[in-house]
Amino acid sequence: VPGRRFDAARALRDVATLEVKERISWKGALLFEVAWSPDSRYVALGSALPSRVVVWDRETRAIVSDLAVDKHLSGLAVRPDGKAIGLLVFPDVVVHSFPDLGSAPIARCRGSSEAMHDFAWRDDDSVIVADSEGAILCIDVAEAKVVWGVTEHRDAVYDVDLSPDGKLVASASGDGTVRFWSTADGVEQHRPSGNRDMVLCLAWN
């Protein structure tokens, strides 16, 4: 659970009972996003003030890596193999090793010309990025090229999330729609109706 107050301890809670299981002490940072390693041992924490990423080891109960980010950090996600982490550092997608973040990125590519709100790993080589102009881009990070892109939303896309089988990506937009796209080629698969309010986030069950 992200802490809103400076110098506050961040809490890891049981999802069923909300009981506090662990507290992470990380002073002087306004935490806004977290990401888990596939085996749940490590938690990556992203802050905006200052712009930093730290990695918490749940076994040793200690911070094992701390990285200062040179520009505004707007998102982070651990790669499916657990060996790297992607960061949205406008206008780039920056990849560092994980859990040891190191000092230099192992890959960097241009993400979007607009503000990027969220992204998700499609596989170990590519990410799907949501931007403020309603675009969704699938980017091959290693090759630094766009695999496919769609601009069907009429407002900013705030969140994207992949289905458990990795075949679909859902997008949440300020235009009031949630849409489902093929992760292979970006073809729209489904668009539920009935909602009129802006959609800021979503998650697969």
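P91 is located in the loop that connects β8 to β9 (92–97), strands being DSSP runs of E with at least two residues and helices DSSP runs of H or I with at least four residues, both numbered from the N terminus. The peptide bond between F90 and P91 is cis, with omega at about 5 degrees. A cis peptide bond also links F98 to P99, where omega is about 5 degrees; P99 belongs to the loop between β9 and β10 (107–110). The structure is a predicted model, in which local features require pLDDT of at least 70 and side-chain atom pairs count only at pLDDT 80 or more, whereas totals for chains, interfaces and linings use all residues. Residues are numbered from 1 along each chain as its sequence is written, and side-chain values use heavy atoms, with hydrogens and water left out.

The secondary structure of the protein comprises 18 strands and zero helices. The radius of gyration is 17 Å, close to the 17 Å that the globule rule gives for 205 residues, so the protein is as compact as a globular protein of that length; the radius is taken over C-alpha atoms, and the rule is 2.2 Å times the number of residues to the power 0.38. The C-alpha trace spans about 45 × 40 × 30 Å along its principal axes. Of the 205 residues, 48% count as buried, that is, under 20% relative accessible area, as against over 50% for exposed and values in between for partly exposed (1.4 Å probe, protein chains only). Among contacts with a separation of 6 or more, 34% involve residues 24 or more positions apart, a contact being heavy atoms within 4.5 Å.

In soluble globular proteins, nonpolar side chains tend to be buried together. Here, the largest nonpolar core contains 16 residues, and V53, L76, I85, L87, F98 and L101 have the most contacts inside it; such a core is a set of buried Ala, Val, Leu, Ile, Met, Phe, Trp, Tyr and Cys residues joined through side-chain atoms within 4.5 Å. At least two residues of this core come from each of β4 (42–47), β5 (52–57), β7 (73–78) and β8 (84–89). A second, separate core has 15 residues, including A77, C109, W121 and I139. Beyond its neighbours within four places in sequence, L76 is in contact with several residues, among them V34, L45, V53, I85, L87 and F119.

F119 stands opposite V129 in β12. Strand β12 (residues 126–131) runs antiparallel to β11, and five bridges join the two. Both belong to an open sheet of four strands in the order β11-β12-β13-β14, with antiparallel pairing, where pairing requires at least two DSSP bridges between strands. Its edge strands, β11 (116–121) and β14 (145–150), each pair on one side only.

Positive phi values occur in two loop residues other than glycine. L18, in the loop between β1 (9–13) and β2 (20–25), has phi near 65 degrees. L18 counts as exposed because its relative accessibility is 55%. A144, in the loop between β13 (136–140) and β14, has a phi of about 55 degrees. With a relative accessibility of 48%, A144 is classed as partly exposed.
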